[in-house]
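Dear colleague,

Please find below the structure that I am handing over to you. My notes on what was found in it follow directly after.

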Amino acid sequence: MAHCERASKPLLQCLRSSYARSLTGFQVQARGFQSTAGVAEAQSEQSQPFHKNPDPELVSSPRLERRLMRQGTTPIGSRRRRAALQDSPNLPFEQLPYQCFQEARNVLLADRAEKLAEIEKMRQRIARVEALSTEEVGGEQSRKSRLGAMQLHLERLKIHADINDPLVKRKFEDGQGDMSKPIYRFLADRKWREYRRKILVQRITQMKVVPDVLPHCDPSVDTKLYFGKRQVQPGDFVLANVSTSAPKLDVQMFERGEKLVTIAVVDPDVPNVEADSFDYKTHYLAVNVPLSAVNTKVDLSQLSDDSQVVLPWLPPVAQKGSPYHRLSVLIMEQKDAKPLEFATVKANEADRDNTLLRTIQARYHLKAIGAHLFRSQFDETTLEVMNSIGFKGADLELRRKKVEPLPYKRRNPSSFR
Amino acid sequence: MLQPRLLGPLRALERAFVPSIRSAQHSFQPQSLIQRSLSASITLPKTTPSISRTLLPFSQVRYASHASQGTANRHSRDPAGKRLGAKRTGGEYVVPGCIIFKQRGSKWFPGDNCAMGRDHTIYATQAGYVRYYADPEKHPERRYIGIVFEKDGQLPHPRNAPSRRKLNMVTIPRMDPVAFQSDMVASIDENGTQVGSVEAVNAVSGPQLRPGYMYREANWQIGRAAEKAGISAMPYDRRNRWLAWRKRQVRAERAAQMKSLKGKKKAGKKGK
């Protein structure tokens, strides 16, 4: 028995007994019992026992959870909640027999109704301002600022209307939130900023992607990177044979509307022995990639060659002995969501080597909204990848240059002879 | 020397009493009353507690016989200098590992191409020219020591400028790691005896002439003897407390045996 099961048992028993006592009078007319038994009936209908065919909504033992996850379905919600649901009658909120709870729900419902009225009022006001002519409002500038402030307030009201709804919270926690709705976008954004964004920002600043590749980056979209099925955390080392094919991106926007973005993968760590420094190499460049809050998946290998991909994927390889390569994936928003002219971009950016992303950014007025990072170094699979892509210098190795000691520390200077 | 502080008043008491005692008791010894009362106080009946016994357990005084030996130990409290401070000035050329600043605590922090050692020593990690600077954007109060590559380079760099780095590497033909060498063999021919190592795949099984002029099997084959014979050790089970107890017992016995032997040896030596 899992800990949470044991922990929630007394609570459940208490709930069940009080529920039974209070419901004895009116359980007949209450529709609840039918829906309560829903889960239990469904179980009894199944010929298989629970451990053979665990329900992702109810499974609570770690072993069964693991089995489910191996099959590809993730259990829903927290383990504590699933354990509690196993024995609960699963009544809808409005039929729960707790007076205080119902009173609280009424307060929340009243608040929501109030907010909805405000939203309606705000919409009407916005429509009124939009209908006014420019002279009446007092110039284009003031009209713009007024409208902007009103829109902002409207968005805030929309979130406030739903933020206290227990069903919304539950749906979001179950991962069933509809990202086309502002409240779920708001919740997802908040969750992302709480942990994942912090990690990302730390990685790109500590590994110096930000001053090396781009001067600034304030990530506002959640970016996940996959090679095959495996997700790569920001800054992970990726084997050379894993990264031979282009990765898949999952770019979650938290704003409404659609954006066109440019996606670039840049390696700022190509060793240049002659100049005793590092060069840049663009491993991938694609423009005019549409993104929205609901359209998040971008497969870099599936983008169209004749309208989007400027530079196709070049598998990253690191020469033996060279310091690790930071393959930085940058997602840059195109100005006003306008498409770039593909032919000119393709003509201008044909060179992979030493094209600075800063230059591209300035040339096409791009703004970095998302970043990701993975690293590659020489490993046992690098040589075959080098051979398959025809990498020059596969038979060479980098070694540290010997440090010339200061004159007075030399073992055998000419002055000794 | 510690002396009871009450001795002074007691002496005064003694001075007051003694003439009367002397006049009353002719057999009085020329010994002070206090000492007598101190030594006799334990044997005295409880109904008449002596003066000294009731007054003695008070604080004691240290007279200046030791502490007044003033400045004799001054040098032990004035240690040698630790040779801290700057070892390289600004603009001086340094190579990796050069110590630039020795300090107690982090008076200076390592900036570009510098690092801080275990005792907060700042040393160079790149060859270049030393710069002492402040970087208010990075930290408003810290002072940094950094290295620039050009003689007239400036620090700090702008925050959003790409970092300036050097590769400091040369290319050589790639060397694959040498395959695992398993054992030593020796061969005798007209050139003399040659000792070398062979790879596991080339190692001939069976006895060969090996170092030490022995015909024997390779070490790795000897090591696999138990495996070949099908002898397997019992897998270790940490919950098997019976086995653990027996092992511990054997170890204790052995230790006791060794200890007794040691004692005997010593005893024998002493006897001689």
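Two strands are said to pair if DSSP finds at least two bridges between them. Helices (H or I, at least four residues) and strands (E, at least two) are DSSP runs, numbered from the N terminus. In these terms, strand β5 (residues 258-272) of chain A is joined to β6(A) by 12 bridges, and the two run antiparallel.

Before going further, a word on the conventions. This is a predicted model, in which local features need pLDDT of at least 70 and side-chain atom pairs count only at pLDDT 80 or more, while totals for chains, interfaces and linings use all residues. Residues are numbered from 1 along each chain as its sequence is written, and chains are lettered from A and ligands numbered from 1 in the order in which they are written.

Confidence

The predictor's confidence in each residue, from 0 to 100, is its pLDDT. For chain A the average is 87, and 88% of the residues score at least 70. Over residues 19-44 of chain A, however, pLDDT stays under 50, and the model has 19 contacts beyond four places in sequence for this stretch. Here and below, two residues are in contact if their C-beta atoms, placed from the backbone, lie within 7 Å. Where pLDDT is low, the predicted coordinates should not be read in detail.

The sheets of chain A

The strands β5(A) and β6(A) form a hairpin with 4 residues between them, and Asp276(A) in the turn has a positive phi of about 55 degrees. Asn272(A) stands opposite Ser277(A) in β6(A). Both strands belong to an open sheet of 6 strands with mixed pairing, in the order β3-β10-β9-β5-β6-β8 (chain A). Its edge strands, each pairing on one side only, are β3 (236-237) and β8 (309-311) of chain A. Strand β6 (residues 277-292) of chain A is joined to β8(A) by 2 bridges, in the antiparallel sense; there, Ala286(A) stands opposite Val309(A).

An open sheet of 4 strands, with antiparallel pairing, has the order β2-β1-β4-β7 (chain A). At its edges are β2 (230-232) and β7 (297-299) of chain A, each of which pairs on one side only. From one strand to the next, the twist averages 30 degrees. Within this sheet, strand β1 (residues 222-227) of chain A pairs with β2(A) in the antiparallel sense over 3 bridges, and Phe227(A) is opposite Arg230(A).

The helices of chain A

Axes are lines fitted to C-alpha atoms, for helices over the stretch in contact, and angles run from 0 to 180 degrees between N-to-C directions. Helix α5 (residues 99-131) and helix α7 (residues 140-162), both of chain A, pack at an angle of about 160 degrees with their axes 9 Å apart. The helices α5(A) and α7(A) are therefore roughly antiparallel to each other (angles under 35 degrees count as roughly parallel, over 145 as roughly antiparallel, 65 to 115 as roughly perpendicular and the rest as oblique). Among the residues that make the contact are Leu116(A), Ile119(A) and Met122(A) of α5(A), and Leu147(A), Met150(A) and Leu154(A) of α7(A). By class, the residues of this contact of α5(A) with α7(A) are 10 nonpolar, 3 polar and 8 charged (Ala, Val, Leu, Ile, Met, Phe, Trp, Tyr, Cys and Pro count as nonpolar, Asp, Glu, Lys and Arg as charged, and the others, Gly among them, as polar).

Helix α7(A) also packs with helix α9 (residues 182-194) of chain A, at an angle of about 85 degrees and with the axes 9 Å apart. The helices α7(A) and α9(A) are therefore roughly perpendicular to each other. Their contact is made by Glu155(A), Lys158(A), Ile159(A) and Asp162(A) of α7(A) with Pro182(A), Ile183(A) and Phe186(A) of α9(A). It has 4 nonpolar, no polar and 3 charged residues.

Chain B and its contact with chain A

The contact between the chains takes 23 residues from chain A and 19 residues from chain B. On the side of chain B that touches chain A, 11 residues are nonpolar, 4 polar and 4 charged. Strand β11 (residues 396-400) of chain A pairs with strand β11 (residues 169-173) of chain B in the antiparallel sense over 5 bridges, and Arg400(A) stands opposite Met169(B).

Within chain B, strand β3 (residues 85-86) is joined to strand β5 (residues 99-102) by 2 bridges, and these strands run antiparallel. Strand β5(B) also pairs with strand β8 (residues 122-124) of chain B, in the antiparallel sense over 2 bridges.

With kind regards
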